[in-house]
Amino acid sequence: MAKAMEDGTLSKIMAKCEALKKEGLEKAEEYLRSDESIVSTISEGILSRTDNGKLFQWLHYCAITRHQNYKLFAFVLQFIPDLIGVYLYAIYESDKSLRAQSEALLRTLSDEMEKEGPSTVEVTNLSKSSIYHEAPTQVSNVSLTEVALQRHNLAEVPRVPMRPTFSGKEISVNNRLQFLATLVEIFTDHIALYPTITKTLFCKACIRLSLQGMDDILARCPDMMTGSCLNLKEIGAMRRYCVDEHFITSLLHGVRLCLFQTCHDIAIEALQALKLRAEYELLTSALQVSHVLVRLTKDVKPLDTPALPSLVGDCRFVVNPTTTHEMLNGHILLCKCNTTTPLVLDPADVELAIESLEFSMSDMRPRSGGVLNAKSTDV
């Protein structure tokens with residue numbers, strides 16, 4: 001972990017970023033996103049838990065540039081899982097300095113997101129048809145929503161907050177896990193912006209947060225011990241962190257968004273770890289979510305998206321075949337087939353294929369209503 005600190009790589013990254021800031025925040029942001037090794041180096045520096053003061057201060061200065069360059073702010077958000085791990089370590093090891101530094105940075109990220117505006121959901125007008133219901137035909141001219149508001153002495157449609165706010169509140173043992181779960185939700189809201197290395201690091205953080213101090217349980221799971229990409233024996237011997245329903249469910253939501261990416265294998269391992277912790281803690285909602293995801297991924301391979309050639313000329317080319325897999329909630333995902341049959345795409349289908357691959361990562365629902373309409377010689 002401390003390799004990046006010892007050879008000065010992390011210091012060079014911070015120094016170059018500060019130099020590029022003088023030319024413009026865009027230059028600094030482009031540099032930080034130019035190489036995935038920068039992300040892994042910063043992650044190692046955070047997890048080293050030694051001499052983090054300069055690193056946390058630098059991340060803080062990058063985070064408060066949200067108004068000038070949101071991408072630079074979003075770059076810092078991808079380290080939330082690692083920061084949560086360091087924060088919990090500082091609490092349980094009574095490291096007051098490290099706790100103050102990590103909590104201050106996490107509070108900054110949370111406060112900056114709250115400044116973006118309240119995350120709310122507006123109650124819809126019941127008198128208008130939607131995808132969920134048909135409006136009744138025989139109703140008065142006054143809308144059903146206005147009638148309902150008048151009955152409750154309200155003047156306008158309420159906006160329901162999607163997650164709690166912590167601005168100006170003290171983080172205590174009573175709301176700590178709720179605060180951390182909110183930060184995980186902020187991370188998952190931006191997960192579509194991040195490279196594969198970030199999603200891999202997130203899954204590793206889920207494994208650590210779930211299985212620390214679980215050596216007695218891991219001893220009964222030899223397959224998990226031998227097949228893991230991490231040293232679970234060392235992780236299991238560490239101090240166990242307290243978790244709750246909301247926190248584990250938030251982590252499961254993030255893992256769900258990683259399952260059908262290139263980090264499929266590590267996401268499966270993270271899912272199994274979270275499921276094991278949910279079973280140990282008897283977290284009913286987390287158990288339901290984890291069992292649904294396990295059933296969903298049982299016979300599904302990760303999506304291997306083919307690189308489309310030039311659209312000029314003949315559109316007949318061999319690609320890795322894909323098929324549709326319907327999730328338990330009705331959403332559609334594209335998954336890899338077990339056949340090598342060439343697919344023949346009509347020119348009109350190419351644009352539809354691209355649109356169908358543009359998923360909205362917030363709810364994994366395709367933005368386009370269509371699914372790849374490919375003609376295969378072997379149905």
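The buried residues of helix α4 are I38, V39, T41, I42, S43, G45, I46, L47 and S48, where buried means under 20% relative accessible area, exposed means over 50% and partly exposed lies in between, with a 1.4 Å probe and protein chains only. This is a predicted model, in which local features need pLDDT of at least 70 and side-chain atom pairs count only at pLDDT 80 or more, while totals for chains, interfaces and linings use all residues. Residues are numbered from 1 along each chain as its sequence is written, and side-chain values use heavy atoms, with hydrogens and water left out.

**Helix α4**

- Helix α4 covers residues 36-48, which is 13 residues. Helices here are DSSP runs of H or I with at least four residues, strands are runs of E with at least two, and both are numbered from the N terminus.
- From its first C-alpha to its last, α4 reaches 19 Å, close to the expected 18 Å; the expected span is 1.5 Å times one less than the number of residues.
- R49 follows α4 and has a positive phi, near 60°.

**The chain as a whole**

- The chain contains 18 helices and 8 strands.
- Of its 379 residues, 45% count as buried.
- Contacts (heavy atoms within 4.5 Å) between residues at least 6 apart in sequence join residues at least 24 apart in 69% of cases.
- The accessible surface of the chain is about 20500 Å², and 52% of that belongs to carbon and sulfur atoms. Accessible areas come from the Shrake-Rupley method with a 1.4 Å probe, and for residues only the protein chains shown count as cover.

**Aromatic pairs**

- The structure holds 5 aromatic pairs. Rings of Phe, Tyr and Trp (its six-membered ring) pair if their centres lie within 6.5 Å; planes under 30 degrees apart count as stacked, over 60 as edge-to-face and the rest as tilted.
- One of the pairs joins F187 and Y194, with 5.8 Å centre to centre and 25° between the planes, and is stacked.
- F187 is buried at a relative accessible area of 1%, and Y194 is buried at 7%.
- Ring pairs link F187, Y194 and F202 into a cluster.

- The structure holds 10 salt bridges, each being a side-chain nitrogen of Lys or Arg within 4 Å of a carboxyl oxygen of Asp or Glu.
- E103 forms a salt bridge with R99, with the closest N and O atoms 3.9 Å apart. Both residues lie in helix α8 (residues 96-115), 4 residues apart, or about one turn of the helix.
- E103 is buried, with a relative accessible area of 17%, whereas R99 is partly exposed at 29%.
- K115 and E112 form another salt bridge, their closest N and O atoms being 3.4 Å apart. This pair also lies in α8, 3 residues apart, about one turn of the helix.
- K115 is exposed, with a relative accessible area of 55%, whereas E112 is buried at 6%.
- A network of salt bridges links R66, E112 and K115.

**A salt bridge between a loop and a helix**

- R240 forms a salt bridge with D216, the closest N and O atoms being 3.6 Å apart.
- R240 lies in the loop between α14 (232-236) and α15 (245-258) and D216 lies in helix α12 (residues 215-218), so the pair ties together parts that are 24 residues apart in sequence.
- R240 counts as partly exposed, at 27% relative accessibility, and D216 counts as partly exposed at 37%.
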